[in-house]
Amino acid sequence: MLQPDDAHDTSAEVTRVDLGAEYEASGIGEVLDALDRDLVGLEPVKRRVREIAALLLVERVRDRMGLAAEPPSLHMSFTGNPGTGKTTVAMRMAEMLHRLGYVRKGHVVAVTRDDLVGQYIGHTAPKTKDVLKRAMGGVLFIDEAYYLHRPENEKDYGQEAIEILLQVMENQRDDLVVILAGYKDRMESFFESNPGIGSRIAHHVEFPDYTGDELLAIASKMLAEMNYRFDAEAQAAFAEYLHERRAQPHFANARSVRNALDRMRMRQALRLFEERDHALSAEDLSVIREPEVRASRVFASADETGTETEGA
Amino acid sequence: MRITQGAFSFLPDLTDDEIRMQLEYCLEHGWAVSVEYTDDPHPRNTYWEMWGLPMFDLRDAAGIMAEVHACRATHRNAYVRVSAFDASRGVESVALSFIVQRPAEEPGFQLLRQEGPDRTQRYSIVSYAVQRGPEGDRYAPAG
């Protein structure tokens, strides 16, 4: 026999719930749609986020019906190469958790090892606690979490930070959600050497690299946001550029695309500046032409197979 | 004698939920919150011992509540208060301050009279608790 649940509902008895209405009311539809719309590719990630959203929604409805189970563990790990959208998805995830009522404020505090680990004895605990306090009510996003653990140095203070983190992850599950992010293989070895952390993370989300077409779509999207566009030749040249660049080391997916676009904007500005004797239309100001793409050092070094660093 | 310092001190003691709601109000205004404790209840004792540094950039009261609980657990029979600081005037000025824990038994104050020249009377107050012993031994241990 179900008891009326006056905490949530003033009507007599909650024996039936409309999952659709619940979905509408929570407003997570918007977040999921925005995720689909704004992020190119990443199909496995989107599917995983949907699964988590569905689980949490059903869990909330169950709670209302009095079928409460343990509150689900929400700590996650995001693994993937640089520039595959881990931070962006973490922001969306925080928004989603907030709308579902699993975190109270829905902000994201992004930190790395430096923000958690101190430089001398007694420095780490206050530093880590301070970060944890700032993240409460929201999501703590620890980028490159494996740097917390330095197996080669027994005296490293990272272990202390991990212990404090573990304690809060376990005892204050209502107060914050921890997302650990980093390269896949290094995260795996991190979890192996810190089973306490590994076992407390319920959701492992893997971010695949983007394909060439997806990167091109991302580039067009970024340019459109900045009110620029490629002309047809430049578009083809950029596809070539991506092909070359991907083969080189330090390729950081969408981040590299953004950097490349910024450099092309700079070259376009220089070209316009040098041709400043005639009046410019809005069209002139927004088109990026082939020479601007071709000027990249990636093309110059393509046949030498020299090592290229980010910033080329 | 129940001492009445800071906000809400004429009300019954706030519950943890009420304290949390007050702290949420502080954070909504962007105030930094600190936790302090003392076992000297004299009204002129303005500077209480700091329980850690004031907490800046918090979004949720959970972090402050954790500190309040930690401070209460360590100083079971002392006064604990939280103060919120408003920086909008260019200095961190106290915007709200209230007691979140008081000793089980508060013995109150003795009125001291001193004869001055020309039959003047000078008055001061001394807490009975402070007369009992040095810092840390002034109130009976809880429990």
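This is a predicted model: local features need pLDDT of at least 70, side-chain atom pairs count only at pLDDT 80 or more; totals for chains, interfaces and linings use all residues.
Let me start with the helix pair. Two packed helices are described by the angle between their axes and the distance between the axes. In chain A, helix α2, which covers residues 28-38, packs with helix α3, residues 43-64, at an angle of about 175°, and their axes are 11 Å apart. Since angles over 145 degrees count as roughly antiparallel, α2(A) and α3(A) are therefore roughly antiparallel to each other. On the α2(A) side the contact is made by A:I28, A:L32, A:L35 and A:D36, and these meet A:K46, A:V49, A:R50 and A:A53 of α3(A). Sorted by class, this contact has five nonpolar and three charged residues, with no polar ones.

Turning to the cores, the largest nonpolar core has 76 residues, and the residues with the most contacts inside it are A:L97, A:V139, A:L140, A:V178, A:I179 and, from chain B, B:I64. The element that gives the most to this core is helix α4 of chain A, residues 86-99, with six residues. If we leave aside residues up to four places away in sequence, A:L97 touches A:L74, A:Y102, A:V103, A:G106, A:V139 and A:V177. There is also a second, separate core of 18 residues, among them A:A234, A:A237, A:L261 and A:V293.

Finally, chain B has three helices and six strands, which run from the N terminus as α-β-β-α-β-β-β-β-α. Of its 143 residues, 25% are buried, and its C-alpha atoms fill a box of roughly 60 × 40 × 25 Å along the principal axes.

Methods. Residues are numbered from 1 along each chain as its sequence is written. Chains are lettered from A and ligands numbered from 1 in the order in which they are written. Axes are lines fitted to C-alpha atoms, for helices over the stretch in contact, and angles run from 0 to 180 degrees between N-to-C directions. Helices (H or I, at least four residues) and strands (E, at least two) are DSSP runs, numbered from the N terminus. Angles under 35 degrees count as roughly parallel, over 145 as roughly antiparallel, 65 to 115 as roughly perpendicular and the rest as oblique. Two residues are in contact if their C-beta atoms, placed from the backbone, lie within 7 Å. Ala, Val, Leu, Ile, Met, Phe, Trp, Tyr, Cys and Pro count as nonpolar, Asp, Glu, Lys and Arg as charged, and the others, Gly among them, as polar. A residue is buried if 20 or more other C-beta atoms lie within 10 Å of its own, exposed if 12 or fewer, and partly exposed in between; C-beta atoms are placed from the backbone. A nonpolar core is a set of buried Ala, Val, Leu, Ile, Met, Phe, Trp, Tyr and Cys residues joined through C-beta atoms within 7 Å.
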